[in-house]
Amino acid sequence: MYKQEVPLYGDLIDIVDHVDNNVFRARSIRSQGTGPSTKDTSHKLPPRHRVERHGAIRLGTPYELQTIRRLFAVFGMYPVGYYDLSVVGFPLHATAFRPVQTEALEKHPFRVFTTLLRHDLLSSEIRIFVQKILSKRNLFSDRLLELVGKLEKHHSLSSAETDELLAEALKIFKWHSAATVTFDEYQWLNAEHAMVADIASFPSAHINHLTPRTLDIDLVQKTMVERGIPAKERVEGPPRQKCGILLRQTSFKALREPVRFHSDEGGWVDRTHTARFGEIEQRGAAVTRKGRALYDRLLSEAYLRAHDSSAPFDEVLESTFHEYPDDWTELRCRGLIFVRYKPTTNGLEAFKHGEGKKGQQDLSKLLEQGFVDYDPITYEDFLPVSAAGIFTSNLKRDSRESFMTEGKPDRVGFEQSLGVTTADEFELYEKTQNDSLEECRRALGIDGITPDYC
């Protein structure tokens, strides 16, 4: 559906496939004859990689957020994390609906970054108008609600009902070129903030981007420019490193799409709206709270240094991040990343034949002996500063800037609107890491593993 609505998205997928095939081929050639490193699995393209996407939608009311939560739960997607976008100038806060179990993520890691408009940050007249407009909007058909209710109660649908559920659900995310407001009202909303206009002016929660994952986002950026696609100026997130962390993102710039607005005379006027764009992401390792604190500190330092420097921001960012380790062993030893441990073939054989001790074992010893290995856990979530950088590059900045000083995080208010608490992403990663240690313990048949950092 999105490819039909935004044909340039198809070109983007072609570029990502082209880049990934070349990167995969180059890594495979480099690995030939050298023997794969215990840490370097880059020559193996994960099966999930080709299907991996994240979408993004913007909602206007607590009812819309609670109902979308019920719908996403049908597909095994649950709210993870709280993102306060007011600190970077947007009257929004958000969560990410995604699978939370390792098996589900490996099967199909689809995510929807879902923002909710913060009415408390709007000026009083705009707030009243927005509430009036959104009170008349109905994103969810009666039939969709009926089917979701049946699933919640009976946990199953017929084949025909399943098809019907999908058809009704897609209507929520479809683009509509006819606005629900006049052009003057749209301009008034847009002067408040472009996000307000995008949310309140249309009858659906249209997908504003659908993001594939790539192996080399810098090469995708370069290829977009070479092919004449209007790419944003820089890649958001941490600098390029051998041992990538968190999330790096770029996009092609938002399209100017024709829209029909109501006129005061009762007819229609043809104008344009700019909101939907094409995003790409490259995912690295999930970091611990300690690793995130270091990332946030260095990012803040980079912005401060860039403010007082004539050097390009990317150069400042890269030099600032020299303090962040770029070696998997050091990252793990310093407790900066989460990893998934796994017993090696040598380890399984050694303990099978009684060569390994069966009592409590130190993790560092098991790693040193080659009985246990590990892979970094993929970061499955988002970065609010990077999201804001993408959004900002695709919107005109002629709206109020006071949100940056007025806004404060309101996780409690968001979760009240959501109807449940959001999962803590750090706890999910930690559980995956701890579960992998327990799997190693059982596979090796030992009493316990003491996780000591080196």
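**Helix, pocket, loop and cysteines**

Author: Start with helix H18 (residues 411-418), where Gly413, Phe414, Glu415, Ser417 and Leu418 are buried. Buried means under 20% relative accessible area, exposed over 50%, and partly exposed in between, with a 1.4 Å probe and protein chains only. Helices (H or I, at least four residues) and strands (E, at least two) are DSSP runs, numbered from the N terminus. This is a predicted model, in which local features need pLDDT of at least 70 and side-chain atom pairs count only at pLDDT 80 or more, while totals for chains, interfaces and linings use all residues. Residues are numbered from 1 along each chain as its sequence is written, and side-chain values use heavy atoms, with hydrogens and water left out.

Reader: What covers the buried residues of H18?

Author: The cover includes H3, strand S2 (78-84), strand S3 (92-98) and strand S4 (111-117). After H18 comes Gly419, with a positive phi near 95°.

Reader: How is a pocket defined, and what lines the second largest pocket?

Author: On a 1 Å grid over the protein atoms alone, a pocket is an open set of points with protein on both sides within 12 Å along at least five of seven lines; lining residues have an atom within 4 Å of a point. Here 20 residues line the second largest pocket, and Phe72, Met77, Phe110, Leu170 and Phe173 lie nearest its centre. Two or more lining residues come from each of helix H1 (2-5), strand S1 (53-59), helix H3 (62-74) and helix H7 (159-173). H7 gives the largest share, four residues.

Reader: Where is Phe277 found, and is Phe277 buried or exposed?

Author: Phe277 is in the loop between strand S9 (268-274) and strand S10 (278-283). Phe277 counts as buried because its relative accessible area is 1%. Leu210 is 67 residues away from Phe277 in sequence, yet the two are 8.4 Å apart in space, C-alpha to C-alpha.

Reader: How many disulfides are there?

Author: A disulfide is a covalent bond between the sulfur atoms of two cysteines. The rule used here asks for a pair of cysteine sulfur atoms within 2.5 Å, and by this rule the count is zero. Cys243 is in no disulfide, and the nearest cysteine sulfur, that of Cys333, is 12 Å away. Cys243 is buried, at a relative accessible area of 6%.

Definitions and conventions:
On a 1 Å grid over the protein atoms alone, a cavity is a set of points where a 1.4 Å probe fits but cannot get out, and a pocket is an open set with protein on both sides within 12 Å along at least five of seven lines; lining residues have an atom within 4 Å of a point. Contact means heavy atoms within 4.5 Å.
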